[in-house]
Amino acid sequence: MTTGTPPGGVQLLVPEAGLTDALGRPAGTGDFLAIAWLACSVATIGGALRAGLESDESVRQAAYLYQPDEIIDQRQS
């Protein structure tokens, strides 16, 4: 694995020093990319499972329910 600056948002959530300690070797860019890939995969699977639990009726109601702006404004206040 190459060492270097961790990519994007992963470095905000996983400190490089902590990952280095956990791995027992210097954490490289590939390690951070693997963590990001794993997080995206888990989120995708979780979203798919959640979507499978929704009923057709509730999806239709959420997608096609007409709500004039006045009603939306009243709900927000």
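This is a predicted model: local features need pLDDT of at least 70, side-chain atom pairs count only at pLDDT 80 or more; totals for chains, interfaces and linings use all residues.
User: What makes Asp31 and Arg25 a salt bridge?

Analyst: The closest N and O atoms of Asp31 and Arg25 are 3.0 Å apart. The cut-off is a Lys or Arg side-chain nitrogen within 4 Å of an Asp or Glu carboxyl oxygen, so the pair qualifies.

User: Why is Asp31 called buried?

Analyst: Its relative accessibility is 9%. Buried means under 20%, so Asp31 counts as buried.

User: Is Arg25 buried, exposed or in between, and what value decides that?

Analyst: Arg25 has a relative accessible area of 36%. That value lies between the 20% and 50% limits, so Arg25 is partly exposed.

User: How do you know that Glu57 and Arg60 form a salt bridge?

Analyst: Their N to O distance is 3.9 Å. The limit is within 4 Å, so this pair also counts as a salt bridge. The search of the whole structure finds 2 salt bridges.

User: Where do Glu57 and Arg60 lie in the fold?

Analyst: Both are in helix 4 (residues 56-64), 3 residues apart, about one turn of the helix.

User: What makes Glu57 exposed and Arg60 partly exposed?

Analyst: Glu57 has 52% relative accessibility, and exposed means over 50%, so Glu57 is classed as exposed. Arg60 has a relative accessible area of 45%, which falls between the limits of 20% and 50%, so Arg60 is partly exposed.

User: Why are helix 2 and helix 3 called roughly perpendicular?

Analyst: Helix 2 (residues 16-23) and helix 3 (residues 29-53) pack at an angle of about 95°, and their axes are 11 Å apart. Angles of 65 to 115 degrees count as roughly perpendicular, therefore the label applies to helix 2 and helix 3. Glu16, Leu19 and Leu23 of helix 2 make the contact with Asp31, Phe32 and Ile35 of helix 3.

User: Which residue classes occur in the contact of helix 2 with helix 3?

Analyst: The contact has 4 nonpolar and 2 charged residues, and no polar ones.

User: How is the protein built overall, and how many residues of each helix or strand kind of element does it have?

Analyst: The count is by element: 5 helices and 0 strands. Along the sequence the pattern is α-α-α-α-α. Buried residues are 10% of the 77 residues.

User: Where is confidence lowest, and where is it highest?

Analyst: Helix 5 (residues 69-76) is lowest, with a mean pLDDT of 68, and helix 2 is highest, at 90. The protein averages a pLDDT of 80, and 78% of the residues score at least 70.

How values were computed. Residues are numbered from 1 along each chain as its sequence is written. Side-chain values use heavy atoms; hydrogens and water are left out. Buried means under 20% relative accessible area, exposed over 50%, partly exposed in between (1.4 Å probe, protein chains only). Helices (H or I, at least four residues) and strands (E, at least two) are DSSP runs, numbered from the N terminus. Axes are lines fitted to C-alpha atoms, for helices over the stretch in contact, and angles run from 0 to 180 degrees between N-to-C directions. Angles under 35 degrees count as roughly parallel, over 145 as roughly antiparallel, 65 to 115 as roughly perpendicular and the rest as oblique. Contact means heavy atoms within 4.5 Å. Ala, Val, Leu, Ile, Met, Phe, Trp, Tyr, Cys and Pro count as nonpolar, Asp, Glu, Lys and Arg as charged, and the others, Gly among them, as polar. pLDDT is the predictor's confidence in each residue, from 0 to 100.
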